[in-house]
Every structure is written in structure tokens, then in C-alpha cells.
Amino acid sequence: MDDGKAAPQPHAGLSLDLLIAAPRGFCAGVDRAIRIVELTLEKYGAPVYVRHEIVHNRFVVDGLRKKGAIFVEELGEVPDGRPVVFSAHGVPKVVTGDAEDRGLDYVDATCPLVSKVHRQAERLIKDGRHILFIGHRGHPEVIGTLGQVPEGSMTLVETVADVLALAPIDPEALAFLTQTTLSVDDTAEIIAALRQRFPAIVAPRGEDICYATSNRQTAVKLLAAESDAVIVLGAPNSSNSVRLVEVSQREGTRALLIQRAADLDLGWLEGVRTLGITAGASAPEVLVRELVDRLGRHFTIKERELDGIVESMTFKLPRGLEAA
Ligand code: SF4
């Protein structure tokens with residue numbers, strides 16, 4: 001451990017200004033999903049099964065595991081008679097159908113903002129439209145959203161090049177929706193390409209990219225502008241965390257994604273006088289404090305939080321858990 005008392009301190013005595021982004025870290029959907037697992041554990045006792053990582057953060061998942069949650073990838077791994085929680089990213093309809101067929105007690109922790117996209121998809125299909133869904137192939141939210149509608153009625157679009165290659169049967173009957181955790185700027189480019197190729201395309205009723213994703217991207221832009229380098233606390237499979245790294249890099253500021261303070265190679269900070277720190281929507285604040293503490297053991301630090309949007313979003317818990 002490089003933080004041990006006898007460990008070398010290559011940067012000792014050097015000063016480092018820390019700028020902390022606001023808002024950062026947990027969003028209302030993540031908060032709710034974690035609470036749902038905790039309340040399900042209280043209601044049913046351990047073990048409670050959770051299909052997929054409840055949110056993409058190892059620290060959170062390990063914490064819930066200690067409380068009695070068992071994480072599995074497929075419903076088939078859940079034994080009869082035990083409750084199962086579906087993750088914040090959402091699940092294809094076939095999964096909820098299978099749970100019902102087996103008589104499993106399931107609790108759906110899908111973020112309400114993801115569910116909103118699901119309901120829009122259903123409505124658009126009913127209206128006879130083919131949906132172009134902007135998202136990242138293989139992400140659980142994308143798998144869940146594609147699984148809300150009959151096969152073949154939604155096409156995944158990842159890039160502007162994908163838009164140019166589309167050959168829809170009826171260009172007059174298209175609509176688009178997006179994953180909630182995309183880059184606001186990249187998505188705007190893809191949407192512009194869609195509108196140019198298909199002027200009649202129907203847009204979502206509101207913005208699909210969620211408030212937390214766009215607020216954190218706005219905040220990291222400000223952070224990147226004032227920092228020599230930016231560290232994002234988050235998991236490599238967390239879409240919104242990876243986007244924060246890209247947004248910073250796009251602003252011309254090098255950026256690094258780490259899961260825990262111990263993952264940081266201090267050599268990466270060579271030449272950095274002002275370090276920006278932020279956290280993805282599934283990374284708890286304790287991980288930011290852990291990083292600040294570690295840096296404080298190696299540098300003389302000054303810490304300042306940037307001004308940013310104050311978030312007040314909260315989501316209701318599913319019926320049956322509120323009073324648990
Ligand atoms: Fe919901 Fe957005 Fe948080 Fe995802 S990042 S859980 S969509 S609020």
C-alpha cells in the first residue's frame with residue numbers, strides 16, 4: 001500500500017489545488033435502486049437476488065453483497081421462492097414475463113426515467129412507427145429498451161455513420177429515442193443527421209438523456225476548463241462515467257477514470273497544479289472523499305467546490321416497499 005507510513009511520498013511538499021465538480025455522484029435513480037435492494041432485504045430477509053449489478057459500481061455492489069444481496073446475470077440463477085430485484089438499467093419484457101411465469105416475487109428498480117423511454121417506445125410502435133434508438137450496443141439499458149417492443153421494430157444507431165447507412169422501409173414513419181446516459185454533444189450530432197436524412201422523423205416528447213447525465217456533463221465542462229487534468233470516479237462499464245471522461249478530453253483536458261483512490265498512479269499527476277475531480281452517477285461521495293484524503297497524504301492540497309446546478313429530483317419507491 002503506497003499510503004502506509006513508511007511508503008515513499010514522491011510529491012510530498014508539492015501543492016495541488018483540487019476543484020470538485022457540482023453536481024457529481026449519485027443521481028436520484030441510483031439512490032432509489034440501492035434503497036430498493038436494502039428495503040427488499042428488510043422485507044424478505046437475506047438472501048435477495050439482484051439481476052445484474054444494481055448500479056455500475058463495485059463499491060456499492062460489494063456493500064449490498066455484505067448485507068445479503070446475491071448478484072446474478074440471468075433469472076435462471078434465481079432459485080424458486082426467493083425475491084429478485086431488477087437493476088436500475090431496466091430489463092426486457094421477457095424477463096419480467098419469465099419472473100411472473102415462475103411466480104417469483106420481483107421488485108423492479110428500473111429508473112423511472114428509463115421506464116419513461118420504455119413507455120414512449122410502446123406508444124410509438126402502437127402509432128405504427130419504426131424506432132431508431134440511439135445508444136451503445138450491449139449496454140444493459142439498451143438491451144432492456146430494445147426488449148420493450150417486438151423484434152425488428154427498433155433499430156440501434158450508435159454513430160452518424162450508422163445514420164448514413166440506414167435504409168428504412170418507410171422514411172415517413174420513423175421516430176427516434178435515446179439511451180439516458182449518452183454524451184449530450186455526440187447525441188446532438190446524431191440527431192441532426194437523423195433530421196437531415198429523415199425530415200419527418202418524430203422526436204421524443206421530452207429529452208431522453210436524463211437530467212443527471214446532462215448536469216454532470218455541464219459540470220465537467222466547467223471543471224475541465226479550469227483544471228490541468230480531471231479524474232472521474234466511476235466504473236468502466238458505467239456509461240455516464242465514461243462520457244464524463246470523453247467530455248473532459250473533448251474540452252482539451254486529459255482525464256482518467258478510476259474506481260477507487262488506490263487505483264491512481266501518482267505519476268499521472270506529474271505537472272498537474274490544478275486537478276479537477278468528479279464522479280459518475282453511480283459513484284458514492286465516499287469515493288470522492290477517499291481520493292481527496294489520499295491526495296492530502298501526498299500533497300499540500302487546497303480544495304474548492306465549483307458552483308453548479310442544485311439537484312432536487314427524487315423518485316417514489318415501488319408500491320409495497322414504502323412502508324417496509
Ligand atoms: Fe436514472 Fe439518469 Fe440516474 Fe440513470 S443516470 S439512474 S437514467 S437518473
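Reply: A cavity is a set of points, on a 1 Å grid over the protein atoms alone, where a 1.4 Å probe fits but cannot get out, and a molecule sits in one if more than half of its atoms lie within 2 Å of its grid points. This model is predicted, so local features need pLDDT of at least 70 and side-chain atom pairs count only at pLDDT 80 or more, while totals for chains, interfaces and linings use all residues. Residues are numbered from 1 along each chain as its sequence is written, and side-chain values use heavy atoms, leaving out hydrogens and water.

Me: Which space is taken by the ligand?

Reply: The ligand takes up the space that is the largest cavity. Around the ligand (a heavy atom within 4 Å) stand C27, G29, V30, C111, L113, V114, T180, T181, C210, Y211 and A281. Helix 1 (28-44) and helix 4 (112-126) each give at least two residues to this shell, where helices (H or I, at least four residues) and strands (E, at least two) are DSSP runs numbered from the N terminus.

Me: How do I read the side chains of strand 2, and are they buried or exposed?

Reply: In a regular strand, side chains alternate between the two faces of the sheet. In strand 2 (residues 48-51), V48 and V50 point one way, Y49 and R51 point the other way, and all are buried, a word that stands for under 20% relative accessible area with a 1.4 Å probe and protein chains only.

Me: In which sense does strand 2 pair with strand 3?

Reply: Two strands pair if DSSP finds at least two bridges between them. Strand 2 pairs with strand 3 (residues 69-72) in the parallel sense over four bridges, and the bridge partner of R51 in strand 3 is V72. Strand 2 also pairs with strand 4 (residues 84-86), again in the parallel sense but over three bridges, and there Y49 stands opposite V84.

Me: Where does H52 lie, and what is its phi?

Reply: H52 lies in the loop between strand 2 and helix 2, and its phi is positive, about 75°, although H52 is not a glycine. H52 counts as buried because its relative accessible area is 14%.

Me: Which peptide bonds are cis?

Reply: A cis peptide bond, with omega about 0°, joins A22 and P23, and P23 is in the loop between strand 1 (15-20) and helix 1. The bond from A46 to P47 is also cis, with omega near 0°, and P47 is found in the loop between helix 1 and strand 2.

How values were computed: 1 Å grid on protein atoms, 1.4 Å probe; cavity = no way out; pocket = protein on both sides within 12 Å on 5 of 7 lines; lining within 4 Å. Buried < 20%, exposed > 50% of the residue type's maximum accessible area, 1.4 Å probe, protein only.
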